[in-house]
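Let's take a walk through a protein model together. Keep the 3D view open and look up each residue as we get to it.

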Amino acid sequence: MGNQTNHYKNKRYKREKFINEHLCGDGNIIDSFIVDKGHVNGLEKHCITDTGLIIVFNLESGKLVTKLIARRPQIMRYYKDVDREPPRWLLSLCDWHNSLNYNRV
């Protein structure tokens, strides 16, 4: 993972370790969404994985910005914005992770 922002390298090492130990890694990307957060560095690509992660990349540079353990409302927003239904199993996974407080890491 050499292509990551300084923010991720310097601030998110505990989350990365947790993801590898408790979620068995990133998993496989099942969907992705282009998101405009109004950030000075431009658009982001938010990738949803089958392990319940949201992996955020800067669209232009391709650098990893952060990884989030997804919550149901986040997943619902992505799919609502493109007028699609999220996979039910993914929402259940988010609920399970939330019950274990994984999204607080």
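Predicted model: local features only at pLDDT ≥ 70, side-chain atom pairs only at ≥ 80, totals over all residues.

How many aromatic pairs does the count come to? The count comes to 4 aromatic pairs, where rings of Phe, Tyr and Trp (its six-membered ring) pair if their centres lie within 6.5 Å. Planes under 30 degrees apart count as stacked, over 60 as edge-to-face and the rest as tilted. Take F18 and Y102: this aromatic pair is edge-to-face, with 4.9 Å from centre to centre and 80 degrees between the planes. F18 lies in helix α2 and Y102 in the segment after α4, so the pair ties together parts that are 84 residues apart in sequence. Helices (H or I, at least four residues) and strands (E, at least two) are DSSP runs, numbered from the N terminus. F18 counts as buried at 15% relative accessibility, and Y102 counts as buried at 13%. Here buried means under 20% relative accessible area, exposed over 50%, and partly exposed in between (1.4 Å probe, protein chains only).

Now hop over to F33 and Y78, an aromatic pair that is stacked: 5.2 Å centre to centre, with 20 degrees between the planes. Residues are numbered from 1 along each chain as its sequence is written, and side-chain values use heavy atoms, with hydrogens and water left out. The pLDDT is the predictor's confidence in each residue, from 0 to 100. The chain averages 90, and 90% of the residues score at least 70. Among the elements, strand β2 (residues 44-49) has the highest mean pLDDT (98) and helix α1 (residues 6-11) the lowest (62).

Next come the charges. Side chains of opposite charge can pair when their charged atoms come close. There are 5 salt bridges, each a side-chain nitrogen of Lys or Arg within 4 Å of a carboxyl oxygen of Asp or Glu. E16 makes one with K67, the closest N and O atoms being 2.9 Å apart. This pair links distant parts of the chain, E16 in helix α2 (residues 13-22) and K67 in strand β4 (residues 64-69), 51 residues apart. Both E16 and K67 are buried, and salt bridges link E16, D26 and K67 in a network. Compare E21 and K17, whose side chains meet in a salt bridge of 3.7 Å, N to O. They both lie in helix α2, 4 residues apart, about one turn of the helix, and both are exposed.

What about cysteines? A search of the whole structure finds 0 disulfides, a disulfide being a pair of cysteine sulfur atoms within 2.5 Å. C24 counts as exposed at 70% relative accessibility, whereas C94 counts as buried at 0%.

Last stop: F57, in strand β3 (residues 53-58). At 24% relative accessibility, F57 counts as partly exposed. Leaving aside neighbours within four places in sequence, F57 is in contact (heavy atoms within 4.5 Å) with residues including L43, C47 and V65.
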